[in-house]
Structures are given as structure tokens and as C-alpha cells.
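Below is a short note for a colleague opening this entry. Please keep the sequence and the view at hand while reading the points.

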Amino acid sequence: MSNLAINVADVVKSFPSGDTRTFALKGATLNARFGELMMIVGPSGCGKTTLLSVICGTLQCEEGMLSIFDHDLRKMKDWEITKFRCVNVGFIFQQFNLIPTLTAVENASIPLILNGVPTNKAERRAGEVLAEVGLGDKLHSYPSQLSGGQLQRVAISRALVHEPRLIICDEPTASLDAAAGQKTLDLLKSSALQPDRCVIVVTHDNRIYHFADRIAEMEDGRVIGIYDDPKDYHHA
Amino acid sequence: MLAIALKMLFRDRAKYAMLVCGLAFCSLLMCQQISVFCGIMMWTTSTVRNIGAPVWVVDAKVEQANEVIPMRQIEVERVRSVHGVAWAVPLYIGIEQARLNDGSFQNVQLTGLDTGTLTGRPMDMVAGRIEDLRLPNAVVVDQVAVEKFRRKGIAIKLGTTFEINDKEARVVGICHVARSFLGQPYIYTTFDRALEYAKPSRKQLSYVLAGPVPGVSNEELAARISKLPGLRAITKDNLFWTTIWWYIKNTGIPISFGTVVLLGIIVGIAIAGQTFYLFVHDNLRYLAALKAMGARMHTLAAMVLLQAFSVGFIGYGIGVGLASWFGNSVLAKEQPPFFMPWQVPAFVAIVLILICGFSALIGLIKVARLEPAVVFR
Ligand SMILES: Nc1ncnc2c1ncn2[C@@H]1O[C@H](COP(=O)(O)OP(=O)(O)O)[C@@H](O)[C@H]1O
Ligand SMILES: [Mg+2]
């Protein structure tokens, strides 16, 4: 086993647009190590979300090398990728995507249920994780009864509840105010990050750059620079 | 995940209520209309069911049970002469005018039973004895007569007298039989006296009722009697269905009811299909999130199907329940007639399964086309 959790190289991905195709990724190369929080930054439309989608297998790329935990996603069948994602990936979305008709604990238990854990056990475990992120008294609240910061903590609980090795966050602070954004990243760093896990955060929120262990800068479908210390990355 | 699917459905109160109401309304409409239709069709066969004889012999031109072409009385003897006939008796049926003591008129369905055997007698006597028909001027009236006369202020009891075509009739019994198609009361008397009540005519035999000897089936007997020139013999069951089909083919009844049933189906598909589409549409984002989180397509399909069919099941239960309640509350009055054999709820169930399947299918197509990557947007 290599010490690279994620190793992608020369990934090309295009979308049809009219008669031609727009290239969202034009040979992106990136790796992430176990135990690190890798941040992908860059201007809007540069391909950050697309790269994230290719890494977790919700999009398939046309060219390039794709090794996630030593699995070659490109050689796996559709259902194998889905299964792989179910076990290994935790998601945190900008829009939270919590189901409005389910309580916090029900929402947070979904990944366990998808992995075949019985509902009562799954909800007990989800309750514990929610308590760890400070929502022990909100287990049975519906999303409409929670603030943005609380919603993102429910989403973090949902991403962590099945102890995945890869946690993927797309603009996790974009819908939050500064304080809630800081708290979210604090939580991600303290509870999500483990020696055998890898956290990837896509953002263009410069207030949270300092949480990164490394920063990958993207532009126009390519990774144009890797910074081993976030202080080295000075965004204009 | 199925429990989660149900929570998503039940807690979306507005859409859930809309779905259940739409489907309940649709099943109620279909169930109620088809049952009333069946009730009316049953009315058309009341005489056949009330008399209940195994084989009916009529003039060869008769098409259905409510059509009477009088025959000569000698036909009874001709039927008796057919090999395999155990018994054959005459039956008179005719619309006659009854005049009440207050001078008002009422059309009645006069039924003259074979004087010797009273074959075709009503089974359910509410008062009096059918055998008393053999007393002078005796008649037995049905519950409809009691009801109709009561509305005119006359209480029919044993011993009440009225006139049929100016000849006295005395009530010796009250029976309960299936109501006639046109709602005219059944008045039972003997064949011989029926001919006295009826206006004189050369041919006065309405039906010959016959039964087979052991070992000969009703069908076989009917086939043999039908070989007699000018006569047609038909089994009870056959006459029942022939009559119903005659009304289906020759009247506007099925079309008017069919239109309402079709309307019910369309309303069901429109309301349920559209609301369910909206429900799935509003949840697409979350279904996509589930897909991203590793839910397989068959899991999502099962969720959508379960949601569609559980509202279908609940709506069906409410609709059929309401229809039965409606039926029960009108059954006593028979206005309108209501008859719900098991085929009616079964048919409605099939239609509802199709509606829900169709709704679920639309939802599933959307889910299948779903790119899990949309959740990042
Ligand atoms: N599903 C899609 N269909 C067509 N074009 C897309 C699709 N997804 C992304 N793109 C295009 O690919 C480019 C990169 O998009 P994205 O990865 O979302 O950028 P970012 O997340 O960095 O803002 C954009 O030009 C966008 O318009
Ligand atoms: Mg993006």
C-alpha cells in the first residue's frame, strides 16, 4: 500500500455544449496523503467540483489515471464504484442536502443504513456522532428548525458516521457566515481527520485557507501549483 | 431505506394528503359507479332471480327476460312431451293496473304462479303464508307494494283489499323479493286467477318453467326443448346473462356509467400522477444525494415504488370503504341500486395499481436519469 490515499494524473473530462465540448478538466494531476487535509482552490469554473466528482466516482473521466486507496476506479464497474463510495466516502455539500422531512438523527444515520446497519443501531450511532459535534440536544429537530451552522454539523455527522476513509467537501463554508465557517473547519480538522483518512476540501473562501495541510491551486482545468504550507499560497 | 422512504412520504403532509385524497376519490368514484351499474343490471334480472326455475321456455323471438311475447297455453303440454322434462308449469307475468281504495292507480307486475305447485314462489315471506294464495281473490304483495302504498297513505296488512283491473284482490301475504327493473311492485297470485285479472286475450302464457329429470343437465334440457318449432328454451343462468348483455348492448346505461368511470380514472391519473411527479421532483435533489452517498438504483426504485403503492393502498382502502359505506346506507332503500360483487373492488384495485405504477414509472425515469454529480451544484 502506497502512502498516497489519492493519486490522479492527467485527468481529462469534457461536457457536451451545443455541437462542441467544453473541457472542464484538461489533464489535472493531484495526489493526497493519508492523514492530511488537502484543499483545492481556484476561481469559479476552473474545474474544482468536476475533479472532486471524478475522484469520488460520481463522474467518469475520459482520460487519465485514477487511483483511490489503490483502487483503479476506471477499471471498476458502475455498481462496484457505487458500493465503493457507499463504504469509503463521506460527503459534505455546499447546500447540505439534508432531507427536510427527516430529523437530524435520521439524516445522519443514512450512510449506515445504506451500508446495511439496522435502523435502530444506525440511529444510536448517529446520535453519538451528533453529540460529539455539539448537537446532542437537536437529535430530533428537523432541518427547518436548525441554523446554517447546525445544519452543516448535521451534514458533517452524516459524512463521518460510517467512518469513511475519504471525506469530500465541496465549498462547505459557502452557505455559512464566517464564525460558522471557522467552526465547521475546526470540526473537520479535529474529528474528520485521522491518520488513516484523507479530507479533501474544495473552496474559494480565503478565510479558511489556513486550515489546510496542503493547497492545490487550479486554473482552467489544470492543477497549476501545490503548496506544502498554506502560507506560501498568496491569493491576489 | 424503505422506512426512510415512508417517513419522507408521510411527513410531506400536503402532498401525502393530496395523493391519498386523489386516489381515494378516484376509487370511490369508480367503485360507487360500477356498483350502481351492477345494481341496475341486477334489477333487469329480478324476475329471473325471484322465480328461480332451472329452464325457461319462451317464444322464439324473445331476446331477454323483461320482454314477454304471449304463447298459447298448449305450449305447456308440448314442453311436457319433450324427453327429459321432469316437470313443466305455466307462468303469467304482465303489467296490470291496481286501483287503491282512495281511487289512485298503481301499475303492478302481476305474477301468476302455477296453481297446483306454486312453482316460482317467493322464498322470503314477511307475513302470511304463500299457500293461502289458493283462497278466493288472494294475492301476495312484495315490500315495494307496501312501500308505494304507504306513501299514498294506505297501510297494507293481511286482509287489505284493492282492485286489479276492477276485480277485487285481498292481501294474504307479504314477501320480500328482488325489486323489479321499473320499480313496479310484484303481486303474486295463481296462474288461473292471474288470467282472470288480466285483460282477456287469445294467448296468455308468458313463460313455461321446466326442470330436467335426474341425469339431464339444464343446458341439455334447454337444447332439447328449443328443437320445438316456435319455442326457445334457455337456462336460468343463461337467461340472466343474456338479459344483462341485452341491456348493455341496447341501452345507454353502460355508456353513461362508463363515462363516469373513465372520468374517475382520468382524475385519478391526473391528480395522483401529477402530485407524485411533483413529490419525486421535489425530492430529486435528495435522491441524487442518496445516489452520491452510495444508494444503488434498485434501492431508490424500491423507495419510489413503495411510496407510490403505499399511497395507492391507503387511498384504495378509503375509497372502497367509503363506497361500501355509501352502498350500505342506500341498500335499504335500493335508491339507487347498489351491488358490489368482489370483482368491482378487484377491478378498482387493478386500475389503482396501474395508476400508481404509471406514477412511479414517471418518477423512476427521473431518478434513473439523475446524475449524482448534480448534488455538488
Ligand atoms: N454537467 C455539466 N455539463 C456541462 N458543463 C459542465 C457540467 N459541469 C461542469 N461543467 C462546466 O465545467 C467547467 C468546470 O465546472 P466546475 O467543475 O463546476 O467548476 P468549479 O467547481 O471550479 O466552479 C465549467 O465551465 C462548467 O460550466
Ligand atoms: Mg464548484
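1. Is A:Phe69 buried or exposed? A:Phe69 counts as buried, because its relative accessibility is 6%. Buried here means under 20% relative accessible area, exposed means over 50%, and partly exposed lies in between, with a 1.4 Å probe and protein chains only.

2. On conventions: the model is predicted, with local features needing pLDDT of at least 70, side-chain atom pairs counting only at pLDDT 80 or more, and totals for chains, interfaces and linings using all residues. Residues are numbered from 1 along each chain as its sequence is written, chains are lettered from A and ligands numbered from 1 in the order in which they are written, and side-chain values use heavy atoms, leaving out hydrogens and water.

3. Rings of Phe, Tyr and Trp (its six-membered ring) pair if their centres lie within 6.5 Å; planes under 30 degrees apart are stacked, over 60 edge-to-face, and the rest tilted. Over all chains, this rule gives 15 aromatic pairs. One of them joins A:Phe69 to A:Phe84, a tilted pair with 6.4 Å from centre to centre and 45 degrees between the planes. A:Phe69 is in the loop between β4 (63-68) and β5 (71-72) of chain A and A:Phe84 is in helix α2 (residues 78-88), so the pair ties together parts 15 residues apart in sequence. Helices (H or I, at least four residues) and strands (E, at least two) are DSSP runs, numbered from the N terminus.

4. A:Phe84 is buried as well, at a relative accessible area of 7%. Together with A:Phe34, the residues A:Phe69 and A:Phe84 make up one aromatic cluster. A:Arg165 lies over the face of A:Phe69, 4.2 Å from the ring centre. A charge sits over a ring if NZ of Lys or CZ of Arg is within 6 Å of the ring centre and within 35 degrees of the ring normal.

5. In chain B, B:Phe149 and B:Phe162 are both buried. Their ring centres are 5.6 Å apart and their planes at 85 degrees, so the pair is edge-to-face. B:Phe149 belongs to helix α5 (residues 143-151) and B:Phe162 to strand β6 (residues 161-164), 13 residues apart.

6. The covered face of β6(B) carries B:Phe162 and B:Ile164, and the uncovered one B:Thr161 and B:Glu163. β6(B) pairs in the antiparallel sense with strand β7 (residues 167-175) of chain B over four bridges; two strands pair if DSSP finds at least two bridges between them. The two strands form a hairpin with two residues between them, and B:Asn165 in the turn has a positive phi of about 45 degrees.
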